[in-house]
Amino acid sequence: MLQVDFDEGALARMGVARGADPLWETALSLHLLQNGEEPLAHDPWRREVRGALRRAGLADEVGALMRLCPPTGYFPDFLTPGRGDLDLMDGVDRVRSTPRRRLVAELTRLCADLRGPVPRTVRWVASGDAAALRWLGDALSRYHAVAVAPYLPVIHARAGEDRARRAEAALSGGAEALLASYAELPGWRRDGTVLAAPYPEPRSLRLGGRPLTLVPAFFCVRTPLALVDDSLPPVLVHPLRPAPGWLPRLRAGAARPSVAQLTGPSRARMLESLETPMTTTSLAAVVGLAPSTASRHAAVLREAGLVATRREGNRVLHRRTALGTALLDGAVQQVGTPGSHASATSMKMLET
């Protein structure tokens, strides 16, 4: 079991990631390609990804990545620098900037679990050579484009559902209710300010007052993961547990109307651009509109519940809401089906 002790007020500072983290999903999907776990849910994905990797000529490159990220046991913390707060490129830049001392320490630990000679790729990356780190970042990006990016609609939708569940708990009962909501996961339990979860070996995670970030992960199965280096900002990555048949349902959903058909192309581009909060001026520049036009579109999206706006100092920031993300990901119920009142109301607002 893994025990997390929320000591010294850490419970009040517990955080929930904004969504799935791209490099955690990348690393965990590499595990799944190798270990064959959860066959009912993930075997169709494995077959599709393996075929796509062969067609893209990436099989050898991904094989080299697997030497750095084996299916069981330890894998280096530097491969997953984010806490749900970085996009793919920022995360890749963090990986490329890993100091050589840390590369050597973590890859030495990795090699201690390996049988046989140290793979050439591992030695190359451990050297800290700039070309090796560029290769590593490019390889992670290319693999993500094939194995993770095509499945982002369902990944974001499941992560959004999880975040909504956590938000509901926190709003109704504060930090204690938020903690209790994780005890609902299979095999997890809560005892006061201690959270226990299934884990391959006994481990205690003492926060020492530091805030813990909980990160949902689509490709995490069975047990959560935590960084091995206790000196790093603590994270706990937990499974989202997609149901069997998620991939066929995703493929069937490809025939749904596009967001642009529902909202108009300009508002659709604005929603897509709001992966992180932006000012009206920045949003206008990205979408290619006059600031006054961007402001009007943002107001319509805000009234529909797809965008939220807040003031920070002298800046006004727009961010995409969970409903806006769900619309982009195709998770909003079809208008006219039972339970679709909120979605129907939003769509009527957008028609104007």
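How many residues does helix α5 have, and how far does α5 reach from its first C-alpha to its last? Helix α5 (residues 100-112) has 13 residues and reaches 18 Å. That is close to the 18 Å expected at 1.5 Å a residue, where the expected span is 1.5 Å times one less than the number of residues.

This is a predicted model: local features need pLDDT of at least 70, side-chain atom pairs count only at pLDDT 80 or more, and totals for chains, interfaces and linings use all residues. Residues are numbered from 1 along each chain as its sequence is written, and side-chain values use heavy atoms, with hydrogens and water left out.

**The chain overall**
- The protein chain has 15 helices and eleven strands. These are DSSP runs numbered from the N terminus: helices are H or I with at least four residues, strands are E with at least two.
- Of the 352 residues, 47% are buried. Buried means under 20% relative accessible area, exposed over 50%, and partly exposed in between (1.4 Å probe, protein chains only).
- Contact means heavy atoms within 4.5 Å. Among contacts with a separation of 6 or more, 67% join residues 24 or more positions apart.
- The accessible surface is about 16900 Å², and carbon and sulfur atoms hold 54% of that surface. Areas come from the Shrake-Rupley method with a 1.4 Å probe; for residues, only the protein chains shown count as cover.

**Helix α5**
- Leu103, Glu106, Leu107 and Leu110 are buried in α5.
- Seen down the axis, the buried residues of α5 fall within an arc of 95 degrees, so they line one face of the helix. The arc is that of the directions from the helix axis to the C-beta atoms.
- Those buried residues pack against α3 (59-68), α6 (120-126) and α7.
- Arg101, Thr108 and Ala112 are exposed on the other side of α5.

**Nonpolar cores**
- A nonpolar core is a set of buried Ala, Val, Leu, Ile, Met, Phe, Trp, Tyr and Cys residues joined through side-chain atoms within 4.5 Å.
- The largest core has 61 residues; Trp45, Val125, Leu136, Tyr143, Tyr151 and Trp246 touch the most other members.
- Helix α7 (residues 130-147) gives the most to this core, with eight residues.
- A second, separate core has 20 residues, including Leu2, Leu212, Ala226 and Leu236.

**Two residues up close**
- Leaving aside neighbours within four places in sequence, Trp45 is in contact with residues including Ser29, Tyr143, Tyr151, Phe219 and Trp246.
- Thr26 sits in helix α1 (residues 22-35). Thr26 is buried, with a relative accessible area of 1%.
- Not counting residues up to four places away in sequence, Thr26 touches Leu140, Tyr143, His144 and Val148.
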